[in-house]
Amino acid sequence: MWLHDFTGNHREHRPYPGSFTLEFPCILCGMSDPATIRRVDRADIETLLSLLRAYWEYDGIAYRDAEVRQGLDLLLTSPVLGSAWLLDIRGRAVGYFILTWGFDLEFGGRHAWVTDLFVEPGHRGQGLGRQ
């Protein structure tokens, strides 16, 4: 698996990382705040579920804890299905995304889909979701 390394050099790639750091300017003061995007592990489950509930509430989706936990467990133990990622700013998770793998001949075979993307309201508008 490969993931673009976000250096701006589209030819340079590195193995699928466990985390990486990006700098985002604050929309209010212009100061850069380091944001870390890291893969979810077992210790992060409750944090991810809290963000997931916030997203589903925002989007009007009924949250069913037992089903969500079962699906998350499957995702975290089966990397062939995809992965879950947290966005941390100043050591606190403020967003997440779920990446799942698919296969389609139209796209030349294997491809990835971002199936969930959520950033807390106080951190929106800074370009976090576009990175």
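Phe 103 stands opposite Arg 110 in E7. The model is predicted: local features need pLDDT of at least 70, side-chain atom pairs count only at pLDDT 80 or more, and totals for chains, interfaces and linings use all residues. Residues are numbered from 1 along each chain as its sequence is written, and side-chain values use heavy atoms, leaving out hydrogens and water.

Strand E6 (residues 92–104) pairs with strand E7 (residues 109–119) in the antiparallel sense, over 10 bridges. Strands are DSSP runs of E, at least two residues, numbered from the N terminus; pairing takes at least two DSSP bridges between them. Four residues separate E6 and E7 in this hairpin. Gly 108, in the turn, has a positive phi of about 80°.

Arg 110 also lies over the face of Trp 101, 4.1 Å from the ring centre. The criterion is NZ of Lys or CZ of Arg within 6 Å of the ring centre and within 35 degrees of the ring normal.

## Aromatic pairs

The structure holds five aromatic pairs. Rings of Phe, Tyr and Trp (its six-membered ring) pair if their centres lie within 6.5 Å; planes under 30 degrees apart count as stacked, over 60 as edge-to-face, the rest as tilted.

Trp 85 and Phe 97 are stacked, 6.0 Å centre to centre with 5° between the planes. Trp 85 belongs to strand E5 (residues 82–89) and Phe 97 to E6, 12 residues apart. Trp 85 is buried, at 2% relative accessible area (buried means under 20%, exposed over 50%, partly exposed in between; 1.4 Å probe, protein chains only).

Tyr 96 and Phe 118 are tilted because their planes meet at 45°, with centres 6.3 Å apart. Tyr 96 lies in E6 and Phe 118 in E7, so the pair ties together parts 22 residues apart in sequence. Both residues, Tyr 96 and Phe 118, are buried.
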